[in-house]
Amino acid sequence: MTMAFAIDEINKNSNLLPNVTLGYSLYDNCATLVIGFSAALALASGREEQFLLQENCLGTPPVLGIVGDSFSTFSIATSDVIGLFKLPIVSYFATCSCLSDRQRFPSFFRTIPSDAFQVRAMIQILKRFGWTWAGLLVSDDDYGLHVARSFQSDLAQSGGGCLAYSEILPWGDNPAELKRIVEVIKKSTARVVIVFAHQIHMIQLIEEVVRQNVTGLQWMASEAWTAAAVLQTPRLMPYLGGTLGIAIRRGEIPGLREFLLRVRPDLQDNNYGHSMVMQFWEYTFQCKFAVPPADWMEAGRALCTGDENLESVETEFLDVSNLRPEYNIYKAVYALAYALDDMLQCKPGRGPFSGNSCATLQTLEPWQLMYYLEKVNFTTPFGDQVSFDENGDALPIYDVMNWLWLPDGRTKVQNVGEVKRSASKGEELTLLEDKIFWNFDLKQPPLSVCSESCPPGTRMARKKGEPVCCFDCVPCSEGKFSNETDSMECTSCPEDFWSSPQRDHCVPKKTEFLSYHEPLGICLTTASLLGTFFCFVVLGIFTYFRSTPMVRANNSELSFLLLVSLKLCFLCSLLFIGRPRLWTCQLRHAAFGISFVLSVSCILVKTMVVLAVFKASKPGGGASLKWFGAMQQRGTVLFLTSVQAAICTAWLVSASPAPHKNTQYHNDKIVYECVVGSTVGFAVLLGYIGLLAILSFLLAFLARNLPDNFNEAKLITFSMLIFCAVWVAFVPAYVNSPGKYADAVEVFAILASSFGLLVALFGPKCYIILLRPERNTKKAIMGRGTTKS
């Protein structure tokens, strides 16, 4: 009746197809392929190549096009044959994506979107609610099987999820197969079930679902059964309530209801028993047109008069509030009408055909109308634009429907959004989530995943032999992180960063060096400053008592110089504490080497002077003292120290020590240290100090038994023994100590050897000067020496 209304409206429209009257023939395919196929062939073969326009339009008028079929399988069969004639077919309900094949179906058009778009719309809804684990049920025909193929491929490409199972719903009565399918649904962990099937399949399936009492599922309906009123009953709502479905775009057709109210049975039609209008009339008013009426009168039925009032009864026939397939039919009829109108507007000499010719109504060929149908573009009174793409598909747009279960037990199908494709924004899903009814206790979308999402700090590891949506969450390894949900891989942290304990971000690595703020650094700093203080004290004592025999008898100038050098040794240890910098790395070893050479040089010269003095005390040995005067002593110390200074200079110029960030000791720490630059330079520096120390030790050891009043060889021997022992132990300890502990070992060696020299050389003298002043006299020193002599 919508088709009849559209044609009647077009015939009354003076602006569209003026002076042309459209007619139509209606066929019921009875849901049987052979009947619908035969009707299409009858339409295609019943036309004449040419006819004469007469006032009464006698003869068989040309068939401009076919509106239908509603089934994809029927449309495929019909288009395979009718396409050979290039006769346009405009379907309002066939959605199989295979019908977009222009090579096979060159004359097929449709005002309903292809299943390819419907599949993508379903996938968008799945992604919107995070449903990555779903089941798919399809009908056993072209409609369902093509959907199954495209759904799996599109789902894999989009990365939106996986199918837990894919089952084919049988045609006809097959309870065993339905039972098996429902058991699969029941055992699966997927809570979302997508059904691309016809209403009859769904009726059979839901009966088995009720029989097995399978609840707690979120159903998703294709356009074929979204609006099926037979399923929207209180008995089925515990199972189907909350269903989300893709529905054909709802439209409004002004004047349709008034047109339907004018429907009346034609009592003059001798074939009225088979008239669809009369069948509808008898069903609506519970009457009969049959003659004689005796049988009906016995059953309490009245005769139909044809004058009954349609508005006096409740019938879905007059409900025009939810026009969906009807709206597509309306658009299909108008598409053919606008194509014919555009063709008739053609001006001779400017036509699109050979020789710039135009098509005429008298010589109309189907392929000529198809040319204009491909280019048709108009807007319906409801505001929807109608045009066809290169595959004969209309601009895709669907409504998203939700099955609402009201508290009073009634059901309602409400619009909760739409999905459409536009040239500017592509495919766009709009959902009013607040309006959606969820048939679950929490009234929230269900969770349908094979594996829970992997939180930040973990990565997904696929389970062997299972779909990609089934995975384990593996924590990121040390030094790597992931800050997103469901990360496929963990990312390595930058060089100076390390992963947090949660592995969800990177944090700066801890830095390690011998710091002034840690206990070890504080102890070493305190010892260094304490040693420096003791040097100041001893220097003060020697300065104050500089005229006493104890100070004068022990080469006071070298003693003062030795105290200054020891003070420098204590202070240079501070360069090893704190964060290494270029200048501290360069200065620490140079200051250490020169300070110690200065100290050892003073001790060496002291020892040599003792030997020279002893030798001069013997008959004929006075000449030896001229080589160890004050100038010679200073010169020797300066020369020996200059050699070390030259070694340090060469080392700094050739391969200077430099700060280095070492990450080899600890992955999560940066150890700041000074690399020596040249191991040879460092070895030569230490070797030179060792050489002078050994030489001093040997000379002092040889002079240990000389008279006490002439020398302090025993003290020098003991001090050198301590010095050498410390530095011999230093080498293996330094090599085996990582990071800051290497610096601590070197500082300890510096402090230990410096304290050893200070205490061994100056401790006994300070004891005599301060506590035994009676022994700090020339007579005591000389007398003791004379007695021993």
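**Close-up views of a predicted model**

View 1. Lys86 sits in the loop that runs between α3 and β2 (89–91). The structure shown here, and in every view below, is a predicted model. Although Lys86 is not a glycine, its phi is positive, near 60°. Most residues other than glycine have a negative phi. With a relative accessible area of 33%, Lys86 is partly exposed.

**View 2. Asn356, another positive phi.** Here we look at the loop between α12 (325–344) and α13 (366–374), where Asn356 lies. Asn356 is not a glycine, yet its phi is positive at about 55°. Is Asn356 buried or partly exposed? A relative accessible area of 44% makes Asn356 partly exposed.

**View 3. A cis peptide bond between Gly68 and Asp69.** The bond that joins Gly68 and Asp69 is cis, with omega about -5°. Most peptide bonds are trans. Asp69 belongs to the loop between β1 (66–67) and α3 (72–82).

**View 4. Aromatic rings around Trp438.** The model has 35 aromatic pairs. In the pair of Phe129 and Trp438, the ring centres are 5.1 Å apart and the planes meet at 85°, so the arrangement is edge-to-face. Phe129 comes from the loop between α4 (115–128) and β4 (133–139), while Trp438 comes from the loop between β15 (426–431) and β16 (458–462), so this pair ties together parts 309 residues apart in sequence. Phe129 is buried at 13% relative accessibility, and Trp438 is buried at 6%. Trp131 also pairs with Trp438: the centres are 6.0 Å apart and the planes stand at 90°, so this pair is edge-to-face too. Trp131 lies in the loop between α4 and β4, and its pairing with Trp438 links parts of the chain 307 residues apart. Like Trp438, Trp131 is buried.

**View 5. A cluster of linked rings.** Which residues are joined by ring pairs into a cluster? They are Phe5, Phe259, Tyr330, Tyr334, Tyr338 and Phe378.

**View 6. Charges over rings.** At Tyr672, the charged end of Arg579 sits over the ring, 4.0 Å from the ring centre. At Phe762, Lys765 lies over the face of the ring, 5.5 Å from its centre.

**View 7. Helices α14 and α21 side by side.** The axes of α14 (residues 519–544) and α21 (residues 740–771) come within 10 Å and cross at roughly 25°. That angle makes α14 roughly parallel to α21. The crossing of α14 and α21 is left-handed. Residues of α14 in the contact include Leu520, Leu524, Phe534 and Phe542; among those of α21 are Tyr741, Phe755, Phe762 and Lys765.

**View 8. Helices α6 and α7 at an angle.** The axes of α6 (residues 175–187) and α7 (residues 199–212) come within 9 Å and cross at roughly 60°. This makes α6 oblique to α7. The crossing of α6 and α7 is right-handed. Leu178, Lys179, Val182, Glu183 and Lys186 of α6 make the contact with Gln204, Leu205, Glu208, Val209 and Gln212 of α7.

**View 9. Ala247 and its surroundings.** Ala247 is part of strand β8 (residues 244–248) and is buried, at 3% relative accessibility. The C-alpha atoms of Ala247 and Glu223 are separated by 4.6 Å, with the two residues 24 apart along the chain. Beyond its neighbours within four places in sequence, Ala247 is in contact with Glu223, Thr226, Arg324, Tyr398, Asp399 and Met401.

Terms used: Residues are numbered from 1 along each chain as its sequence is written. This is a predicted model: local features need pLDDT of at least 70, side-chain atom pairs count only at pLDDT 80 or more; totals for chains, interfaces and linings use all residues. Side-chain values use heavy atoms; hydrogens and water are left out. Rings of Phe, Tyr and Trp (its six-membered ring) pair if their centres lie within 6.5 Å; planes under 30 degrees apart count as stacked, over 60 as edge-to-face and the rest as tilted. Helices (H or I, at least four residues) and strands (E, at least two) are DSSP runs, numbered from the N terminus. Buried means under 20% relative accessible area, exposed over 50%, partly exposed in between (1.4 Å probe, protein chains only). A charge sits over a ring if NZ of Lys or CZ of Arg is within 6 Å of the ring centre and within 35 degrees of the ring normal. Axes are lines fitted to C-alpha atoms, for helices over the stretch in contact, and angles run from 0 to 180 degrees between N-to-C directions. Angles under 35 degrees count as roughly parallel, over 145 as roughly antiparallel, 65 to 115 as roughly perpendicular and the rest as oblique. A crossing is left-handed if the near helix is turned anticlockwise from the far one by less than a right angle, and right-handed if clockwise. Contact means heavy atoms within 4.5 Å.
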